[in-house]
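These are my notebook entries on a structure I went through element by element. I wrote down what I looked up in the order in which I looked it up.

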Amino acid sequence: MAKGHLNDITNLLGLEGLRVIQVVKEEDFVVIKVQAKGERAFCPHCGSKHLYRHGHARPRRVLHAFICGKRVYLEIWGLQRWKCRSCGRTFTWRLEILRPRSRLTNMAEMWVLWLLKFMSFKEVAKLLHISYGKIKKVLMDFVRMADLPGSMIDDLEELHLGIDEHSFRHQDMVIVVTDVMAKRVLGILKDDRLSTLEEFLKKIPSQRVKEVCIDMKEGFRKLAQRLFPKANVVVDHFHIIADGNRRMDEARRIEQDVRNKRKVRIPKKIFLVGFERLSEGGKEKLDELLSQYPNLKDFYWAKEALRKLYSARDKKEALRQLELVIINLKASDDAEARRWANTLKRWREPILNYFDNNTTNAYTEGCNTKVKMLKRISFGLRNIEVYVRKMMLGFLPQKFFHTI
Ligand SMILES: [Zn+2]
């Protein structure tokens, strides 16, 4: 083989500083026997350069890559052992491609992580012939949640954060933080405690944050305002509409219980479908129901008005419409409607901030779907810390797996 080719292969396999002696092919794996070059050393304990040779380390076989469906091992020969004249301790010459005592090279660790992006722990363990514990350790070391926001946002001048919760195994909630403009997941937090969120958000440079998109949670809002005083808080428009529908339905249910003593059901769906989507017959039926149950009128009008609000041309027009909704609800005889008015009043600014950039949490919510999918292919994950890191792996761009 020409020397140039050999160099290419050496580079491709990341074997700089090693001399290939022999390649042995077995049925489902390959062993590359290499000789360590680079002899000069200093003592890792005291830094002294006064050393003498102390024999060679036994050849070590370590996993290095996974190529063409085969595991590729390195068998490292001729690793010099040294003894320090200053402190008297012995040590083995360290290779850059491998952490001391590790059975996996740095490149093999990248392969573990890359495969883990698409496969379950079980499948990766089987493919690479390594244990679950080893895979877990590689994952835990690599995806340090603490380092994440920094490396995910270093190229973004302005940040538009999206914060959203999703449920993990039906009960536990996990918070996802994204940049909704750059469409990037910045972090998946292990629980929904405000303190966990705060700890994470504190690592994000405050002056770069322009917007924070949240759902109508007072805790999220206060935290965002405290940590990012210059940013606009935007409440996700989907949540405003969903909240309107929820209140509408709650009013219907109460009316049904009070008026009919549960003997007659008031239809549900007709109140929740957008008015413009009702047929002529549907509109008549709706009119009928609203005159039969006048208490529902204020709720129905308000939830429809909120939906229309989002097609307003600009913030000013939206403000006028929102004021109208608030005034109408305030004038209602129903205490629940008046409470709704107060909520909207409190959230007026975040609702209207939507109109600056049309910022929504659609991307953040889309990530929930992906998280659920990733969860499905990683069946049997008990440990939330491991789960969260594996999820995060699925969102990391390729640049994080730089050595393969
Ligand atoms: Zn020493």
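I call a residue buried under 20% relative accessible area, exposed over 50% and partly exposed in between, with a 1.4 Å probe and the protein chains only. With that cut-off, Tyr293 counts as buried, because its relative accessibility is 4%.

Before going further I noted the ground rules. The model is a predicted one, in which local features need pLDDT of at least 70 and side-chain atom pairs count only at pLDDT 80 or more, while totals for chains, interfaces and linings use all residues. Residues are numbered from 1 along each chain as its sequence is written, and side-chain values use heavy atoms, with hydrogens and water left out.

**Entry 1: the loop of Tyr293**

For the secondary structure I took DSSP runs, numbered from the N terminus, with helices as H or I of at least four residues and strands as E of at least two. On that basis Tyr293 sits in the loop that links helix H10 (280-292) with helix H11 (297-309). I also looked up its separation from Gln256: the two are 37 residues apart in sequence, and their C-alpha atoms are 9.3 Å apart in space.

**Entry 2: the zinc site**

Which protein atoms are the donors of the zinc ion? I counted as donors N, O and S atoms within 2.8 Å of the metal (3.2 Å for Na, K and Ca), bearing in mind that water is not among the atoms, so sites may look incomplete. The donors found are the SG atoms of Cys43, Cys46, Cys84 and Cys87, at 2.3 to 2.4 Å from the ion. Along the chain they follow the spacing C-x2-C-x37-C-x2-C.

Four donors count as tetrahedral if all angles lie between 85 and 135 degrees, and four count as square planar and six as octahedral if opposite donors are over 155 degrees apart and all others between 65 and 115, anything else being irregular. The arrangement here is tetrahedral, because the 4 donor atoms subtend angles of 103 to 119° around the zinc ion.

I then checked accessibility at the site. Cys43 is buried at 1% relative accessibility, whereas Cys46 is partly exposed at 42% and Cys87 is partly exposed at 31%. Taking a disulfide as a pair of cysteine sulfur atoms within 2.5 Å, I searched the whole structure and found 0 disulfides.

I let two strands pair if DSSP finds at least two bridges between them.

I went through the pairs in turn. Strand S1 (residues 18-25) runs antiparallel to S2 and is joined to it by 7 bridges, with Arg19 opposite Gln35; the two strands form a hairpin with 3 residues between them. S2 and strand S5 (residues 70-77) run parallel and are joined by 7 bridges, and Phe29 has Arg71 as its bridge partner in S5. S4 and S5 are antiparallel, again with 7 bridges, and Arg61 is partnered by Glu75. Strand S2 (residues 29-36) is largely enclosed by the rest of the structure, because 6 of its 8 residues are buried.

**Entry 3: the sheet of 3 strands**

Another open sheet has 3 strands in the order S3-S6-S7, with antiparallel pairing. Strand S3 (51-56) and strand S7 (90-92) are its edge strands, each pairing on one side only. Strand S6 (residues 80-84) is joined to S7 by 3 bridges, and Arg81 stands opposite Thr92.

Which residues of helix H7 (residues 218-227) are buried? I found Phe220, Arg221, Leu223, Ala224 and Leu227. Exposed Lys222 and Arg226 are on the face turned away from that buried side.

Lastly, I noted that phi of His129 is near 55°, a positive value in a residue other than glycine, and that His129 lies in the loop between helix H3 (121-128) and helix H4 (132-142). Asn358 has phi near 55° as well, in the loop between helix H14 (348-357) and helix H15 (362-377).
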